[in-house]
Amino acid sequence: MRKALALGLAGAAAGIAFWRSRRAGPEERVDLYFEDGSMVSLALTAGDAERLLDRARDVLAAARS
Amino acid sequence: MEISSQIEGAVLTGPDGALVASTYDDAARGERVAEAAAELMRAADESQARAERAGITQVVVELPDGAVVVVREEGRAVAAVTVEEPTVGLVLYDLRTTLRLAADAEKPAAKKKAAPRKASPGKAAPKKTDGDA
């Protein structure tokens, strides 16, 4: 009985986590592509990424205002 | 300028940074988007990642409410604002095609300017050679 209850709770927790992740929508992401064909995804904690995210928000605001 | 349904709007700028074409009916909005996209590319060029590598050709910034994608080639740049969760590969393909078409549209004009005049009767036309050997 306890085992079934624990399994049920675990399943519910997993379901809630999945639902929340879907509701949260896409993550923020910054990708730079270079002339030599390479690509870099910037870590969102980096200052560079923050600057680029801010500039991109400006572009969205300019387009939608 | 025709674009896919995932792209809300786009602007094309020339090598001098001036707005060449825009999908926005409001010209002022097109200018604002072009300026903001140029700032984004400047920030990308100044990033540490750029310092260690070759030039940047594409920037993709995904945000919860849409993405900003900029593709740059031979000085020209096209910047697009997309819907949420776009298929980035398709958007990049669209923008690269736009840049290629813009480059092709300028080529005939350049060729006309550079086209040699007909050789005068007294002069022989230059012969095409495959090399010295």
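The expected span of a helix is taken here as 1.5 Å times one less than its number of residues, where helices (H or I, at least four residues) and strands (E, at least two) are DSSP runs numbered from the N terminus. Helix 2 of chain A, with 18 residues, reaches 26 Å from its first C-alpha to its last, close to the 26 Å expected at 1.5 Å a residue. The structure is a predicted model, in which local features need pLDDT of at least 70 and side-chain atom pairs count only at pLDDT 80 or more, whereas totals for chains, interfaces and linings use all residues. Residues are numbered from 1 along each chain as its sequence is written, and chains are lettered from A and ligands numbered from 1 in the order in which they are written.

The model scores ipTM 0.77 and pTM 0.74. For chain B the mean pLDDT (the predictor's confidence in each residue, from 0 to 100) is 84, and 79% of the residues of chain B reach 70 or more. Over residues 119–129 of chain B the pLDDT is below 50, and beyond near neighbours in sequence this stretch has one contact in the model, a contact being counted if the C-beta atoms of two residues, placed from the backbone, lie within 7 Å. Where pLDDT is low, the predicted coordinates should not be read in detail.

Chain A contains two helices and two strands, which follow the pattern α-β-β-α along the sequence. Strands of both chains take part in an open sheet of seven strands, with antiparallel pairing and the order 2(A)-1(A)-3(B)-4(B)-5(B)-1(B)-2(B); two strands are said to pair if DSSP finds at least two bridges between them. The edges are formed by strand 2 (39–41) of chain A and strand 2 (19–22) of chain B, each of which has a single partner strand, so one side of each is left without a neighbour in the sheet. From one strand to the next, the twist averages 15°.

The two chains are joined within the sheet by six bridges between strand 1 of chain A and strand 3 of chain B, which run antiparallel, and here Arg29(A) stands opposite Glu62(B). Within chain B, six bridges connect strand 4 (residues 66–73) to strand 5 (residues 76–82), again in antiparallel fashion, with Val69(B) opposite Ala80(B). The hairpin of these two strands has two residues between the strands, and Glu74(B) in this hairpin takes a positive phi near 50°. Strand 5 of chain B is also joined by six bridges to strand 1 of chain B, which runs antiparallel to it, and the bridge partner of Val11(B) in strand 5 is Ala79(B). Six of the seven residues of strand 5 of chain B are buried, so this strand is largely enclosed by the rest of the structure; a residue is termed buried if 20 or more other C-beta atoms, placed from the backbone, lie within 10 Å of its own, exposed if 12 or fewer, and partly exposed in between.

Helices from both chains lie across the sheet strands. Helix 2 (residues 47–64) of chain A lies across strand 1 (29–34) of chain A and strand 1 (7–13), strand 3 (56–63), strand 4 and strand 5 of chain B, running at about 75° to strand 3 of chain B. Helix 1 (residues 27–45) of chain B lies across strand 1 of chain A and strands 1, 2, 3, 4 and 5 of chain B, at about 75° to strand 1 of chain B. For these angles, axes are lines fitted to C-alpha atoms, for helices over the stretch in contact, and angles run from 0 to 180 degrees between N-to-C directions.

The contact between the chains takes 26 residues from chain A and 33 residues from chain B. The largest share of the side of chain A that touches chain B, twelve residues, comes from helix 2 of chain A. Among the buried residues of this helix are Leu52(A), Leu53(A), Ala56(A) and Val59(A). Ala56(A) is buried, with 28 other C-beta atoms within 10 Å, and, leaving aside its neighbours within four places in sequence, Ala56(A) is in contact with Leu40(B), Val61(B), Leu63(B) and Val68(B).
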